Amino acid sequence: MTAAAHRLVVHDERPETCYVTADTYPINAPYRGGGKPSGLVGLFARRMSIVFTTLVNRKSPDYDPETLTLTLGKDFLRLCKRTGMYNNGGGIKQTRRTLLAYATAEFEDRNGRTVKPIASSIPASRGLLGWVIVFNRDFVRLMKRNVRRVQLGDLAMLNGMGGVAFDLFIFAVLYAPDGKNLIIRHADLGRLLPNLAHSTVAPQAILDITSRLNENQSQWTFAYENKSVRISPRDGEADGDVRLASV
């Protein structure tokens, strides 16, 4: 990807704040190379990556930064619920499937090195409470790099909008630089937005999605014009463009 880099020292531990980073969102993106990690597809896995990154980047009773161990407890379950992972039913079963997929997944970082997110995992015998996950140090390092904030209210706002709207909003969080437009060519959308049917990136579908995003949030203006998606700051004039492109 080509985009302006952002760096954030995480110190905000308010319960309404979540965290996301381009280095791990989403790990199954086609532009990372190396194929798609089995089972980690779709919107559910994208939300899980935000849950993991949030727990690693703020003090949580569920996460021990010394041992890199996440023991699933009330904080994890609360975040799953609040980020909209349980809205479509089957939430606990789907969470288990996603966690098991993470346990065996591999993906390539930006330098082409293979990263295994999970060093070891001990599933809970029933449900989710008590499931123990030990992250690999390289994965934790990536989750703590170039971190951006996203509010739980924004994630709730995206419920029901689908994967394209979710990705475009998170791309705005990750890549939209202060005071500039973020431009994504239509020709790049199929590479930047993973696991999409052709119809979901058709021009009329993108027009409908940008319209819904504009109606439901006030941070950015989303537009589709000149065969590109343009994301602009809502609170002022942009003084230039930054392009987000597949590699």
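Buried here means under 20% relative accessible area, exposed means over 50%, and partly exposed is anything in between (1.4 Å probe, protein chains only). The model is predicted, so local features need pLDDT of at least 70 and side-chain atom pairs count only at pLDDT 80 or more, while totals for chains, interfaces and linings use all residues. Residues are numbered from 1 along each chain as its sequence is written, and side-chain values use heavy atoms, with hydrogens and water left out.

On to the charged pairs. With a salt bridge taken as a side-chain nitrogen of Lys or Arg within 4 Å of a carboxyl oxygen of Asp or Glu, the count comes to 11. One of them links R185 to D188, at 3.3 Å from N to O. D188 is buried at 6% relative accessibility, whereas R185 comes out partly exposed at 45%. R113 and D109 also pair up, at 3.1 Å; D109 is buried at 7% and R113 is partly exposed at 45%. In the bridge between E225 and R230 the N to O distance is 2.1 Å. Here E225 is partly exposed at 38%, and R230 is partly exposed at 22%. Elsewhere, salt bridges with shared partners tie D23, R110 and R145 into one network.

S228 is buried, with a relative accessible area of 11%. Neighbours within four places in sequence aside, S228 is in contact with R185, I183, I184, H186 and A223, contact being heavy atoms within 4.5 Å.
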